[in-house]
Amino acid sequence: MSMIYLDHASATPLSKKAKAAMEPFFADDFFNPSAPYLPAKRVREAYENAKSEIAHTIGAKANDLVMTSGATEATNLAFSVLNASTRGPDALYRPSTPARLSARGAAGPLNAPPLVLVLETEHASVLRTAENYGAGKIKVKPGSGLIDLDNLKSKITKDTVLISVAAANNELGTIQPLAEIAEIIKSERQARLKNKNPRPLYLHSDASAALGLLNINVARMKTDLLTLSSAKIYGPKGVGALYVAHGVKLKPLISGGGQERNLRSGTENVPGAIGFAAAMKETKDHLNSAAKTFENLKTIFKNSLTDELNGEIEPVFLGPKKRQLANFCPVSFPGLDAERLVYKLEEKEVYLSTGAACAASKGEKSHVLKAAGLTDKEIAGSLRISFGRLNDEAKVKTAANLIADAVKEELERLKNA
Ligand code: PMP
């Protein structure tokens, strides 16, 4: 039996088109894009075209993008907006006052409000980076994991500089209302203008999980900084980009030869950018049909699983009913140990994870499911299932059967224990 892969939120296979597009740039067109001779100039042109294509799919220009080694680096670079101005009275964040020394975990003097607000369900790449700056946390609503907009409003102060909310969550698939968040930010900016408060306020969003399913457009979403990743959209791993709106100043994390308009030095990853661009184009071309396909697979999966379990246990399908990425189907079997289920299913070549792969591998309880108000039993029994191009109706039905078998075996074991 061939494998059934249900973890597309964790990694996706490189698409044939992306692979073919990258191929020439490993050994044939290997030239350094900064070199002065003609073949190198051609490589430069191909690289810039790739950047233009990526930018175009999100409604931006090539110059608005900084190519990075993935989403983590892009997010770290985005947060450098906090120390882009480190001198003088305008300094936004003073590293000399470490966040950990502050009683409230806030940057700056004791009791100063945090300069950054992040959603409590963000991916570790956002949370850990934000913690370096003593971030405050925005609450989500129980069950759905949707942002609590009143909580956001109550936490914005005249000093807030950056707000970071993922376009969609990578465990529950919750799609956040970025346009509404942008409206709240707009009214705070207007208030600052009226009060002659020159402090900027930026919106950052990690679009890694959403990129393959939602129409991500920076103008519509009104984000100032947007993290993109190639690895979740059938492009190469280790490639990403940060969209930076005009006028937003960053402090480079990596210094050197001045590539990417001085914001990210180092010889460009030409095949990576070209693979990313091909994957983005393919993704964008099939956005609507992909959403329909996965909604259909999700319904089939839910029905098959519920039928197969035959009332022995009610699976709890997690996350919001409406505002959930079409390919996400997180589910919990309260009272069971999801890790045991994962190992059992692995023997049958069904691959899925419990919570986010990174958190789960450290044996930590998912902070996302906790924040969404799930009980310890629900968290311990939860699987993250994310569909993708490796799935079809037949595979999804087989997966539901095999998962139901594993669940029934576990129920039986517990009964006899
Ligand atoms: N954000 C989200 C939502 C993710 O799922 C991941 C990958 N697990 C990342 C960021 C980090 O991406 P990368 O590994 O490309 O740095």
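Predicted model: local features only at pLDDT ≥ 70, side-chain atom pairs only at ≥ 80, totals over all residues.
1. The crossing of H11 and H15 is right-handed. The residues that touch are Arg340, Leu341, Lys344 and Leu345 on the H11 side, and Leu402, Ile403, Ala406, Val407, Glu409, Glu410 and Arg413 on the H15 side. Sorted by class, this contact holds six nonpolar and five charged residues, with no polar ones.

2. As for the geometry of that pair, H11 covers residues 338-347 and H15 covers residues 393-416. Their axes come within 10 Å and cross at roughly 125°. That angle makes H11 oblique to H15.

3. Next up, H4 (residues 71-79) and H5 (residues 124-132), whose axes come within 9 Å and cross at roughly 30°. Angles under 35 degrees count as roughly parallel, so that label applies to H4 and H5. H4 passes H5 in a right-handed crossing.

4. Who touches whom here? Thr72, Thr75, Asn76 and Phe79 come from H4, while Ser125, Val126, Thr129 and Ala130 come from H5. The class count for this contact is five polar and three nonpolar residues, and no charged ones.

5. Now for H3 (residues 38-57), which packs against H9 at an angle of about 35°, the two axes lying 9 Å apart. The H3/H9 crossing is left-handed. H9 itself spans residues 270-285.

6. The H3 side of that contact is made up of Val43, Ala46, Tyr47, Ala50, Glu53, Ile54 and Thr57. Facing them from H9 are Val270, Ala273, Ile274, Phe276, Ala277, Met280 and Lys284. By class, the H3/H9 contact splits into 11 nonpolar, one polar and two charged residues.

7. The largest cavity has a volume of about 70 Å³.

8. If you want to find the largest cavity on screen, pick out its lining: Thr57, Ile58, Leu211, Leu214, Ile216, Met280, Thr283, Lys284 and Leu287. The lining has six nonpolar residues, two polar ones and one charged. Which helix gives the most to that lining? Helix H9 does, with three residues.

Methods. Residues numbered from 1 in each chain as written. Heavy atoms only, no water. Axes fitted to C-alpha atoms, helices over the stretch in contact; angles between N-to-C directions. Helix = DSSP H or I, 4+ residues; strand = E, 2+ residues; numbered from the N terminus. Parallel < 35°, antiparallel > 145°, perpendicular 65-115°, else oblique. Left-handed = near helix turned anticlockwise from the far one by under 90°. Contact = heavy atoms within 4.5 Å. Nonpolar A, V, L, I, M, F, W, Y, C, P; charged D, E, K, R; others polar. 1 Å grid on protein atoms, 1.4 Å probe; cavity = no way out; pocket = protein on both sides within 12 Å on 5 of 7 lines; lining within 4 Å. Points joined across faces, edges and corners; volume = space filled by probe spheres on them.
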